[in-house]
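The sequence and structure are shown first.

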Amino acid sequence: MMDLLRGRISAIYFRYLGAAFGSAMISSIYGIVDMAIVGQYQGPDGTAALAVVAPVWNIIYSLGLLAGIGGGVLFSVARGRGGAGESGANDYFSAAFIGTVIFSALSWAAIVFFDRRMLLLFGADETLLPLARQYLWPVKFAVPVFIFNQMLAAFLRNDGSPGLATAAVLFGGLFNVAGDYFFVFTLDMGIMGAGLATAIGAALTLAAMLGHFFSKRNTLRLVRPRNLLIKLRKITVTGFSTFFIDIAMGILTVLFNRQIMRYSGTEALAVYGVIVNISTVVQCCAYSIGQASQPIISINFGAGRWGRIRATLRYALATAAFFSIAWTAAALAFPNGFIRIFMAPTEMVLSIAPFIIRCYGLSFLLLPLNIFSTYYFQSLMRPEISFFVSVSRGMLVSGLLILFLPAAAGARALWLAMPITELLVSAAVVYYMIRCTHSLYSRKNSPHRALRD
């Protein structure tokens, strides 16, 4: 187990980055492989149907991140303080576990009983609705599994086992890849087979993660948390921005789906289904930076080791710059290459895809910085700034642009909504990041108010 308070920052950061990147990327494989296999089996309609289902995944994953990141930050800050704070760290783990049970029950009921209404709201028409419901049917039985996977992965990283979190997701992801082909093509189950493979893969991931609780390095314990409601509120406040990133992606997907069907039609929606998957991968890269940095920053924040926080920030920003350049270049250079990966395209799709993907792909230049910043502000116990960034990026600025750009400048202007959003939000991110980083050196080594009962 690496010493987050005294070990060499570069070695710790890159070990955690490798594990977080692997975990995040393998998680995104679920959606990527599903769309690629379904797109090849059922063509653009299958791709468009999975674009309609995408907000369901945003809801599921965001609830797990709410409990996992919110609880994980408070868990690590408490351990960094030592003494009484360290002994109370498992109060936050236990409260996060209880919160995850509640979130699982509520989301499970919503998806089981209101799936048709949800999918219509998310942009399905009478052609896409049956396909979307077929995919979602086996997923219904595994909704709590997906939420617990996100929560446990965050706590395993904060408990010094990032490698196990990655290995567990890899185990389930590999099954999902093989299972997709087997169920969809070999058994001729079509789109429902892709949903079945995803559900079984998630169950295998959860089983592997539970092995941490039988290892010697495990310090996570279920206890009766003191002041449960207060701790649930703190977890919710601290984790809300990460939660909102995924929820916002679902909201934006709904808005895009409806605007695309209004102004452009099914072919453009099929291209957007591909963009959703590319964007998910880029976001996963950004998540990996935040998830690698968060345990290091949180525990050192609790211990008052400001120089180690600043060193971690430098590595994180360099990684964000690398991902930004790489993904923007890929979107600009190979738009139809992405299309052919995810579907058997028509000539119409191939003709409209380059403009759409290149315009939208400009947003990847600043997306990693903006998403990483929410983890950074959370780790410094500044959830109000993280909230501002998440809401501005995920709903306020982007939502207004998606709604009004096509009406003001034509249908093609819709694809510039996210690049403009990321640019405007990044200006605020840079300002607050400089301000918060400088303020660390004026702090005294005292517990933050968020940890006081």
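## Salt bridges and packing

Arg226 is partly exposed, with a relative accessible area of 48%; here, buried means under 20% relative accessible area, exposed over 50%, and partly exposed in between (1.4 Å probe, protein chains only). The model is predicted, so local features need pLDDT of at least 70 and side-chain atom pairs count only at pLDDT 80 or more, while totals for chains, interfaces and linings use all residues. Residues are numbered from 1 along each chain as its sequence is written, and side-chain values use heavy atoms, with hydrogens and water left out.

The partner of Arg226 is Asp91, and their side chains meet in a salt bridge at 2.8 Å, N to O. A salt bridge is defined as a side-chain nitrogen of Lys or Arg within 4 Å of a carboxyl oxygen of Asp or Glu. Asp91 lies in helix α4 (residues 89–121) and Arg226 in the loop between α8 (191–209) and α9 (228–263), so this pair ties together parts that are 135 residues apart in sequence. Helices are DSSP runs (H or I, at least four residues), numbered from the N terminus. In contrast to Arg226, which is partly exposed, Asp91 is buried, at 5% relative accessible area.

By the rule above, the count comes to six salt bridges. Three of them are listed here.

| Salt bridge | N to O distance |
|---|---|
| Asp91 and Arg226 | 2.8 Å |
| Arg133 and Asp115 | 3.2 Å |
| Arg393 and Glu422 | 3.0 Å |

The salt bridge between Arg133 and Asp115 links distant parts of the chain, with Arg133 in helix α5 (residues 128–139) and Asp115 in helix α4, 18 residues apart. Arg133 is partly exposed at 34% relative accessible area, whereas Asp115 is buried at 4%. Both residues also belong to a network of salt bridges that includes Lys140.

For the salt bridge of Arg393 with Glu422, the two residues lie in helix α15 (residues 383–409) and helix α16 (residues 417–439) respectively, so the pair ties together parts that are 29 residues apart in sequence. Both Arg393 and Glu422 are buried.

Helix α4 also holds Ser104, which is buried at 3% relative accessibility. Leaving aside neighbours within four places in sequence, Ser104 is in contact (heavy atoms within 4.5 Å) with Pro144, Ile147 and Phe148.

The largest nonpolar core has 158 residues, of which Phe256, Tyr272, Ile339, Tyr376 and Trp415 touch the most other members. Such a core is a set of buried Ala, Val, Leu, Ile, Met, Phe, Trp, Tyr and Cys residues joined through side-chain atoms within 4.5 Å. Helix α10 (residues 266–303) supplies the largest share of this core, 22 residues. Beyond its neighbours within four places in sequence, Tyr376 is in contact with Ile297, Ile309, Leu313, Met433, Thr437 and Leu440.

At the surface, Leu332, Leu362, Leu416, Ile420 and Leu424 form a nonpolar patch with about 390 Å² of accessible area together. Patch members have over 30% relative accessible area and no salt bridge, and nonpolar side chains are joined within 5 Å; areas come from the Shrake-Rupley method with a 1.4 Å probe. Leu362, in the loop between α13 (347–361) and α14 (367–379), is partly exposed at 42%.

How many disulfides does a search of the whole structure find? The search finds zero, a disulfide being a pair of cysteine sulfur atoms within 2.5 Å. Cys285 is in no disulfide, and the nearest cysteine sulfur, that of Cys284, is 7.2 Å away. Cys285 is buried at 1% relative accessibility, and Cys359 is buried at 11%.

Note on methods. Patch = residues over 30% accessible without salt bridge, like charges linked within 9 Å, V, L, I, M, F, W, Y side chains within 5 Å.
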